[in-house]
Amino acid sequence: MSSDIACKLARNAGIAMILASAAFLSACQVRPLYSESSGLTEKLAAVGFSPAGSRIEQQVRNHLIFMASRGAGEPEKPDYQVDLHVTSSVADTLLTDSADTSRAGRVTVSVTYTLRAATDNHVIKAGSRSTTALVDFPDQEFAKQRAIRDAQNRAADQVAEFVGADIAAALSR
C-alpha cells in the first residue's frame with residue numbers, strides 16, 4: 001500500500017513540476033534581436049559615430065557604420081551618438097635568445113564607447129571591449145610592418161562586432 005501512495009505522490013509531484021515550469025516559461029519573452037517588429041533596424045540606422053583620430057579608430061568606425069546602417073552610410077541627423085576611443089598595442093611573445101628578436105606577437109585593440117541619446121545627451125550604454133589578434137613576424141621589416149597592420153585590421157573588425165552587438169542590445173530594450 002505504501003508503494004502505491006509513493007507512486008501517486010511522485011506522479012503528482014511530476015505533474016506539478018511540469019505545470020510550474022510551463023507557467024514559468026510562458027513569462028519569457030524571447031524574440032530575435034533584429035526582427036522587423038522590434039524596430040531595431042531603424043534605431044541602428046539612426047546612430048552617428050564620433051570622428052576618428054587614428055587609422056585603427058577609423059577602421060573600427062567604418063565597420064560600425066557599415067553594420068549599423070547595413071551599408072547605407074551614416075545619417076545626417078542621428079538620433080543617437082556613439083563616442084569612440086580606440087587604442088592599439090603590439091606585444092612580442094616569442095623571443096629568439098640568439099638574435100634577441102621576436103618571431104611572433106599579438107596585437108590588442110581596445111575600444112571605450114559611450115552611446116548617448118542626441119536629444120538630451122542621456123547616456124544609454126557605456127562600456128569597453130578589447131580583442132587580440134596573433135601575428136607572425138617575418139625577417140623582412142616591411143613584411144613585419146604589413147603583418148602588424150593586417151593583425152590590427154583583424155582585431156579592429158572583431159572589436160567592432162562586439163561593440164556593435166552591445167549597441168544593438170542596448171537599443172533593443
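Asp150 and Arg146 are joined by a salt bridge in which the closest N and O atoms lie 3.0 Å apart, a salt bridge being defined as a side-chain nitrogen of Lys or Arg within 4 Å of a carboxyl oxygen of Asp or Glu. The two residues are four residues apart in helix H4 (residues 141-171), so that about one helical turn separates them. Asp150 is partly exposed, with a relative accessible area of 31%, and Arg146, at 38% relative accessibility, likewise counts as partly exposed; here buried means under 20% relative accessible area, exposed over 50%, and partly exposed in between (1.4 Å probe, protein chains only).

The model is a predicted one, in which local features need pLDDT of at least 70 and side-chain atom pairs count only at pLDDT 80 or more, whereas totals for chains, interfaces and linings use all residues. Residues are numbered from 1 along each chain as its sequence is written, and side-chain values use heavy atoms, with hydrogens and water left out.

The protein contains four helices and four strands, which follow one another from the N terminus in the order α-α-β-α-β-β-β-α; helices (H or I, at least four residues) and strands (E, at least two) are DSSP runs, numbered from the N terminus. Of the 173 residues, 29% count as buried. The protein exposes about 11,100 Å², of which carbon and sulfur atoms supply 54%, the areas being computed by the Shrake-Rupley method with a 1.4 Å probe, and for residues only the protein chains shown count as cover. When contacts (heavy atoms within 4.5 Å) between residues at least 6 apart in sequence are considered, 63% join residues at least 24 apart.

Five salt bridges are present in the structure. One of them connects Arg61 with Glu74, the closest N and O atoms being 2.7 Å apart. This pair links distant parts of the chain, with Arg61 in helix H3 (residues 55-69) and Glu74, 13 residues away, in the loop between H3 and strand S2 (80-96). Arg61 is buried, with a relative accessible area of 14%, whereas Glu74 is partly exposed at 32%. A further salt bridge brings together the side chains of Asp83 and Arg116 (3.4 Å, N to O). Asp83 belongs to strand S2 and Arg116 to strand S3 (residues 101-117), and the pair, 33 residues apart, again links distant parts of the chain. Asp83 is partly exposed at 32% relative accessibility, and Arg116 is partly exposed with a relative accessible area of 23%.

In soluble globular proteins, nonpolar side chains tend to be buried together. Val60 touches Val86, Val111, Ala156, Val159 and Ala160, residues up to four places away in sequence not being counted.

Around the aromatic side chains, Lys144 lies over the face of Phe137, at 4.9 Å from the ring centre, where a charge sits over a ring if NZ of Lys or CZ of Arg is within 6 Å of the ring centre and within 35 degrees of the ring normal.
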